[in-house]
Amino acid sequence: MSILKEGLPVALCSDHAGYELKEQLKQYLCDHGIPYKDFGTYDSTSCDYPDFAHLCAAAMERHECYPGIAMCGTGNGIAMTLNKHQAIRAALCWQPDIVRLAREHNDANILVMPARFITVEEAKVMVDTFLDTPFEGGRHQRRIDKIPNLKR
């Protein structure tokens with residue numbers, strides 16, 4: 001079972017540190033017939049990750065894209081920004097087992113990778129794992145239901 005939703009592209013975003021990896025992953029997605037929408041950045045000029053993370057997350061909240069893949073140098077800044085959005089569960093991952101558990105237990109909907117600390121080949125394996133791992137539900141759903149910080 002795939003996390004991909006028919007008719008919706010995968011949302012992509014990065015800052016300058018993740019730009020080259022994002023470009024490699026765009027080609028990888030194309031090679032596998034997976035549509036995507038790139039929310040930037042569009043070159044390696046120094047930039048601010050929140051500018052692109054907010055665009056990506058907002059498009060997912062509007063149901064224009066699903067799921068998402070994001071990267072910055074360490075992955076931390078872009079993940080923190082993405083997770084400010086209520087509908088987003090961005091998981092910072094650096095190896096396939098973490099990706100698998102983020103999907104199975106946390107129903108992560110954005111894979112975040114530390115571009116300066118992984119290879120392109122490692123990233124491709126993590127993308128495959130992310131897209132192909134189903135959410136287990138059950139006891140994990142109860143926990144996910146407790147994540148939103150909704151004012152009542």
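Is Glu23 buried, partly exposed or exposed, and what is its relative accessible area? Glu23 is partly exposed, with a relative accessible area of 26%. Here buried means under 20% relative accessible area, exposed means over 50%, and partly exposed lies in between (1.4 Å probe, protein chains only).

The structure is a predicted model, in which local features need pLDDT of at least 70 and side-chain atom pairs count only at pLDDT 80 or more, while totals for chains, interfaces and linings use all residues. Residues are numbered from 1 along each chain as its sequence is written, and side-chain values use heavy atoms, with hydrogens and water left out.

1. **Glu23 and its partners.** Glu23 takes part in a salt bridge with Lys22, the closest N and O atoms being 3.5 Å apart. A salt bridge is a side-chain nitrogen of Lys or Arg within 4 Å of a carboxyl oxygen of Asp or Glu. Glu23 also meets Lys26 in a salt bridge, at 3.1 Å from N to O. Glu23 and Lys26 both belong to helix H1 (residues 19-31) and are three residues apart, about one turn of the helix. Helices (H or I, at least four residues) and strands (E, at least two) are DSSP runs, numbered from the N terminus. An α-helix has 3.6 residues a turn, so residues three or four places apart point the same way.

2. Lys22, Glu23, Lys26 and Asp38 are linked in a network of salt bridges.

3. **Other charged residues.** The whole structure holds 10 salt bridges. One of them joins Glu64 to Arg62, with the closest N and O atoms 2.8 Å apart. Glu64 counts as partly exposed at 36% relative accessibility, and Arg62 is partly exposed at 49%. Lys5 lies over the face of Tyr66, at 4.3 Å from the ring centre. For such an arrangement, NZ of Lys or CZ of Arg must be within 6 Å of the ring centre and within 35 degrees of the ring normal.

4. **Arg103 in helix H4.** Arg103 lies in helix H4 (residues 96-106) and is buried, with a relative accessible area of 4%. A polar atom of the Arg103 side chain lies 2.9 Å from the backbone oxygen of Ala108. Apart from residues up to four places away in sequence, Arg103 touches Ile3, Ala108, Phe130, Thr133, Pro134 and Phe135; contact means heavy atoms within 4.5 Å.

5. **The surroundings of H4.** Val99, Ala102, Arg103 and Glu104 are buried in H4. The cover over the buried residues of H4 includes strand S4 (90-92), strand S5 (110-114), helix H5 (120-132) and H6. After H4 comes Asp107, whose phi is positive, near 50°.

6. **The nonpolar core.** The largest nonpolar core has 44 residues, and those with the most contacts inside it are Leu82, Ile110 and Met113. Helix H2 (residues 49-61) gives the largest share of this core, six residues. A nonpolar core is a set of buried Ala, Val, Leu, Ile, Met, Phe, Trp, Tyr and Cys residues joined through side-chain atoms within 4.5 Å. In soluble globular proteins, nonpolar side chains tend to be buried together. Leaving aside neighbours within four places in sequence, the contacts of Ile110 include Cys56, Met60, Leu82, Ile88 and Phe130.

7. **Thr41 and Phe52.** Thr41 lies in the loop between strand S2 (36-38) and H2, and is buried at 6% relative accessible area. Beyond residues up to four places away in sequence, Thr41 touches Ser14, Asp15, His16, Tyr19, Lys22, Cys47 and Phe52. Phe52 is found in helix H2 and is buried, with a relative accessible area of 13%. Leaving aside neighbours within four places in sequence, Phe52 is in contact with Cys13, Ser14, Phe39, Gly40, Thr41 and Cys47. Phe52 and Asp15 are 37 residues apart in sequence, and their C-alpha atoms are 7.3 Å apart in space.

8. **Lys146.** Lys146 is found in the segment after helix H6 (139-145). Lys146 is exposed, with a relative accessible area of 64%. The C-alpha atoms of Lys146 and Ala11 are separated by 25 Å, the two residues being 135 residues apart along the chain.

Methods. A polar contact is a pair of N or O atoms within 3.5 Å; within protein, one must be able to donate a hydrogen and the other to accept it, and residues adjacent in sequence count only if both atoms are side-chain atoms.
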